[in-house]
Amino acid sequence: MSDYIVLVKQVPDVSQITDNAFDPESGTLIRTRLASVINELDAQALAFANYMKTKSGDADAGIIALTMGPPMAEEVLRYTLSRCAHKVVLLTDRALGGADTVATANPLAFAVRKIVREILKNDKDYFVISGMQSVDGDTAQVPPQMAEELGLPCIAYVTDAEFKGDRFEFTRIISGGSQVVASKTMPVVVTVAKYEYPLFATFAATRWANQTELITWSSEDIKATHIGVKGSKTSVIRVFPPGKSTRKCRQLDGPAALAKAIMESFKSGNGESDTGADAQARGYVLPAKRADLLDRIFEATAKEQDDYELLSAKLRELGITDIDKIDEAARQKILSAAGDRFHKKTLDDMLSGYKLTEPAFKGEVWVVAEHSAGVVHPATFELTGKARDLADSLETKVGVCLAGYKVEQMAKELIAAGADNVYVIEDKLLEVFDPKAYRKAVADAVAKFWPQIVLYAATPQGRMLAPMVSYSVECGLTADCTGLDIKDSSRKGDIGLLLQTRPALGGNVMATIRTKNSRSQMATARPGVMKRIEPDESRKGKVVRHKVELTDDDISLEIVKTELGSGEVNFNADVIVSGGKGMQSRDNYERLVGDLCAGLGKALDAQVEAGASRAAVEQGFTERVHQVGQTGTSIGPKLYVALGISGAIQHMIGVANTETIVAVNSDPNAPIFKQCDYYVVGTVEDTVPKLIQKLQSG
Amino acid sequence: MPSNKDFNKVSVLVVGAGPAGLATAIQLKTLKPDIDVCVIEKALDLGNHNLSGAVLEPEPFHTLMNAAAPGWRDSEPAKDILANVIDKDDIMFLLGRKLAFNIFFAMKLGKALGLGFGQMIHKGDYSVSISKLTKWMAGIAKCMGAEVLTGFAAQEIMVDHSGRATAVKLVDQGLDKEGNKQPNYVEGELIQADFVVLAEGCDGLLTEQFIEKVQLKRQRPQLYSVGVKELIAVSPEQYAKFTSGRVVHAMGYPIWTPVFGPGMFGGGIVYAGAKDHLSVGMIVGADWKYCDFNVQDALTNFKNHKFVNQFIEGGTVVEAGVKMIPEGGYYAIPRDPETGAIGKANVMILGDSAGFVNMLKIKGLHNAIDSGMQAAKAIAESLEQPETAAQKYTDSIDASNVAKEMKSARSFRHVIAKFGPLQGMPLSVFGGLLPQFKVEPDYQAMTVANYRLKPNQNFDKDTFTAVAATEHREEEPSHLTIRDRTICRTKCTPIFNSPCITFCPAGVYETIHDEVKPANPSNCLHCKTCQRKCPFDNIRWTVPEGGGGPRYKRM
């Protein structure tokens, strides 16, 4: 009899952001002004647990919901009780607040242990089910890190489950396709990427839920090892509003105007493609290489920067050059010259900051390579480009960690793309990606060579592997970065930090994060955001072979079946035409997308490829290999035409690098209209044939 | 899960968490703290389906609160929600797009002479957000131990042979567009109750069903108005110029102008809201005769009138919504033909569901609250004999201020419906002196005439529904049905050019492949205008899954 422990989280409702939710001064979103709801994917995970229970035919299986949060988080537990949960546990304590993913995964894992001990009576036949990620954090790190803490296998990005008499087989999303896997052992952690049928509350269960006592545990009760701010390995140093979208968002009144806009923008280029924070990065120089010690132009926050600029100016005015010779009298002079802007302690900290020239972290800048069928994933090359940049600033080398079987041949290409050293871990057991085995291999190499920075691609694989590696080597990790910069926090005694900038709260705010209490700084970076460098075949690099002891026990999952999309898909085409759920049927998809591909190919004399949203693939309109987006392929064509696609953030991330985005949708409130250049409100059946006609007539 | 107690049984079931239903719960808990009372509401959150001007006449509310929550006046919500006390009461007559005359003196004169329309004076009342008021009242009801459950939509009322309600059935959830069961299908639960309080609001689904099932009768048909309202964020200067204690009621343009028309009943409102917000609305009698008319078009004209425009120009519409108002008055209250009960046996009909709107005051909120209190008293007095509750409730209503007011205004709206605004208004002074006469239901008023003042541009319904934040699960079956499609094709479209496409304020109806359909049911704002205004009475509204519909927060 399997039981189900379902993790749920209370999140701000980012689907309904009201006009008063933004701070008028700073422009940032005020979280407390948003309504609180259950994280949508967790609601799906709860329904998925119920679905598994039904499939297994075990009516007595228990469903236990667990959440960690402030006391008001009990609302999400009542949500679960009013649907299918039998027991609920609220983990709440001030000491648990302010946690990053490590300090969230750790206490949750300890709570799961307590649930197993006290509620499941040590029965090890259970599943931990959760949504793939939360809408506020968007990191997808907590479940794999929890699995790591519990020493359990983790199956991520699951979309379906089939009961095979004695075990469950799970269908999960992988890059370019899907895979059916089963865990070799129980218990197992499962994260749900999509389950279409969240449960409805019943009247009776809702009344019962409102009267039922919750089990409430404090930090003392679970005795976790990493909690709260202190147990966290990253900290947010700045929150700011996202830059104004550079998309034009222009509504056109029909197919004729749309055809004209497509022709013109394709010829001239939009010239406004979003390159993210990356483009603004100034070349960082280590303090030791700067002309003047008073030169502190790379401080982490605007406040630190302003303070140092003021102090340096005052020191120059007062003619002070030797920091060591500043006595009490000189200090007083400085303080009054600065108009008492600083406390004495601040001044002391800043003065000792001048003396720092050594970076806080040491070692190479690493990239963990992703590959399949002997081909390096394009996102890896984007990372080696970025790593080259960072390593040059820090005056260190770029290393690439390449784990797999018969993979050494890829080293050459990686060196051409910017690597100095390629650390190759070859093993037959690494022939296909198994999270546990790969985690062991990569973590072993990291713990031997201790790079100061490790970058992973934010692909399904990278988002799975990175949290497990980082947790096992006790380092902080930031997910889905769109900006990576080297900065100093001299006042706090840190030089050459990696500042990791990422969107949060569904893209409504940006956060800059630093790693702390860690030997290495780790981040996953969004594919398509960093720029790869021109391959240079003449570059010289070294291959370092690293041996890791692996046994069959390190393989956690049995792969039943892998389905990579059939046929060749050329996502490097200049034009991609994608269809979404709004296509209604496979017939419509094939006809309309096909015709428009042909029409555009002729009119623009360009290569055109068909794409699809995740929803369209789920509906069976086309094969998985055509899926565009965060869980599919990230693309950057000159022209992207989205037909009947709503514009979910996961999809839009995958097309961020496109020059011109054109959308057709019958819903005038479709989010895609705020993230595209040109759009027409109308049904695809009606608009597309007319558009093709207009393209033909020029 | 539920084991030792049957959670599908309650003592008192209130359908609808509006002012009437919540007043019942609060008053009942005041009288009988141990009673088991459960209020169900179809909206996702409290206040989400409550829309009104709103002017609140304080009396019944104060009485309710004084008994239930002494010290309520000093609470934070009271200070926020009741901040706008009306000290300036304007009644304007608009003529053309620029002229405006203040005719408040006529109301004062009317009051002095004891004429009916003298009741339309609001000084000392509150200008409130009814969404907020409802949410606040629900909080108080919950504090007192009542259960208030949102997201549960009632679909049917079960009645035995004696006319006693045995249960209320909730809507089935988890069906797909074609009505097939999805994996998360839940059959609508049956809730058994000793007492059923129908406080659904205007044109209530269960109320109308119940009237049909137990053969309650209205002496004259219920008449409706359609009110659209926008909450507009204006500049501090505009708000200061309008002042925070002011309400404006306007007559005339753009729905009634002398000689050449148009000739419709109703008017515009501008009410002061919270800081730098004004409520601007247009209410039009649903017996309009123009087949291309949409109340939102009248709202556009009203907003562009020089008098209104000065206060809102450059402002942003932050919320918007629509509802119907039952205006039939005293003779349209559904009653048992034998006993006169407003309801039957253990079922009571309250507030807008009963039609307790005083058309001389154009207010019903105070009567809704009052009726809720009377229902609570009736229940408290008939715990041993639930089947006597409806009669006790009715006796109490008939002896109360609710009935007194309703009687004083008994013929006002019907006279205008019969004789038109020009002759009807003056005639209404004679109120109840006129003999009873026959009035047609609203839908029969449609003609092929056009609205002469139609604005050049179509109203932006998309933005309107977006700020109303309406949402339904896209995959659920349509909750709107066209009874006979051939009527649309052979009669309505050729004669009237499908008025539903125009008058539906949410743009639900569209012609697709030459067929008129409720193509976008997920945009529906639950106003039910289509059900009452389709010229062939060919549309039916039922409840969608719980949680669907608009999400008003400050309406």
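In chain A, Val367(A) has Val400(A) of β17(A) as its bridge partner. That pair belongs to a join between strand β14 (residues 365–368) and strand β17 (residues 398–404) of chain A, which run parallel and share four bridges. Strands count as paired here if DSSP finds at least two bridges between them. Strands themselves are DSSP runs of E with at least two residues, helices are runs of H or I with at least four, and both are numbered from the N terminus.

A word on the model before going on: it is predicted, so local features need pLDDT of at least 70 and side-chain atom pairs count only at pLDDT 80 or more, while totals for chains, interfaces and linings use all residues. Residues are numbered from 1 along each chain as its sequence is written, and chains are lettered from A and ligands numbered from 1 in the order in which they are written.

**Two open sheets in chain A**

β14(A) and β17(A) sit in an open sheet of seven strands with parallel pairing, in the order β20-β24-β19-β14-β17-β18-β25. At its edges are β20 (477–481) and β25 (542–545) of chain A, each with a single partner strand, so one side of each has no neighbour in the sheet. On average, neighbouring strands here are turned by 25° against each other, direction ignored.

The other open sheet has 10 strands and mixed pairing, and its order is β11-β5-β4-β1-β6-β10-β7-β8-β9-β26 in chain A. This time β11 (215–217) and β26 (557–564) of chain A are the edge strands; each has a single partner strand, so one side of each is left without a neighbour in the sheet. From one strand to the next, the twist averages 35°. Strand β5 (residues 87–91) of chain A meets β11(A) in parallel through three bridges, and one of the residue pairs is Val89(A) with Ile215(A) as its bridge partner.

**Helices on the sheets**

Angles run from 0 to 180 degrees between N-to-C directions, using axes that are lines fitted to C-alpha atoms, for helices over the stretch in contact. Two residues are in contact if their C-beta atoms, placed from the backbone, lie within 7 Å.

| Helix of chain A | Residues | Angle and strand |
|---|---|---|
| α1(A) | 40–56 | about 150° to β6(A) |
| α3(A) | 102–118 | about 150° to β4(A) |
| α12(A) | 378–394 | about 175° to β14(A) |
| α15(A) | 460–472 | about 170° to β24(A) |

Helix α12(A) lies across β14, β17, β19 and β24 of chain A. Helix α15(A) packs on the sheet too, touching β14, β19, β20 and β24 of chain A. As for α3(A), the strands it touches are β1, β4, β5, β6 and β11 of chain A.

Lys114(A) is found in helix α3 of chain A. With 19 other C-beta atoms within 10 Å, Lys114(A) is partly exposed; the label buried takes 20 or more such atoms, exposed takes 12 or fewer, and partly exposed lies in between, with C-beta atoms placed from the backbone. Not counting residues up to four places away in sequence, Lys114(A) touches Trp217(A) and Ile222(A).

Helix α11 (residues 344–354) of chain A has Leu347(A), Met350(A), Gly353(A) and Tyr354(A) as its buried residues. Down the axis of α11(A), these fall within an arc of 120°, so they line one face of the helix; the arc is that of the directions from the helix axis to the C-beta atoms. They pack against α9 (302–317) and α10 (328–337) of chain A. Lys344(A) and Lys345(A) are exposed on the face turned away from the buried side.

**Over to chain B**

Where the chains meet, 21 residues of chain B are in contact with 20 residues of chain A. On the chain B side, β11(B) gives the most, with four residues.

Elsewhere in chain B, β21 (residues 509–512) and β22 (residues 515–518) pair in the antiparallel sense over four bridges. They form a hairpin with two residues between them, and His513(B) in the turn has a positive phi of about 50°. Ile512(B) stands opposite Glu515(B) in β22(B).

Lys323(B), in strand β17 (residues 316–326) of chain B, is buried, with 29 other C-beta atoms within 10 Å. The C-alpha atoms of Lys323(B) and Cys527(B) are separated by 4.5 Å, although the two are 204 residues apart along the chain.
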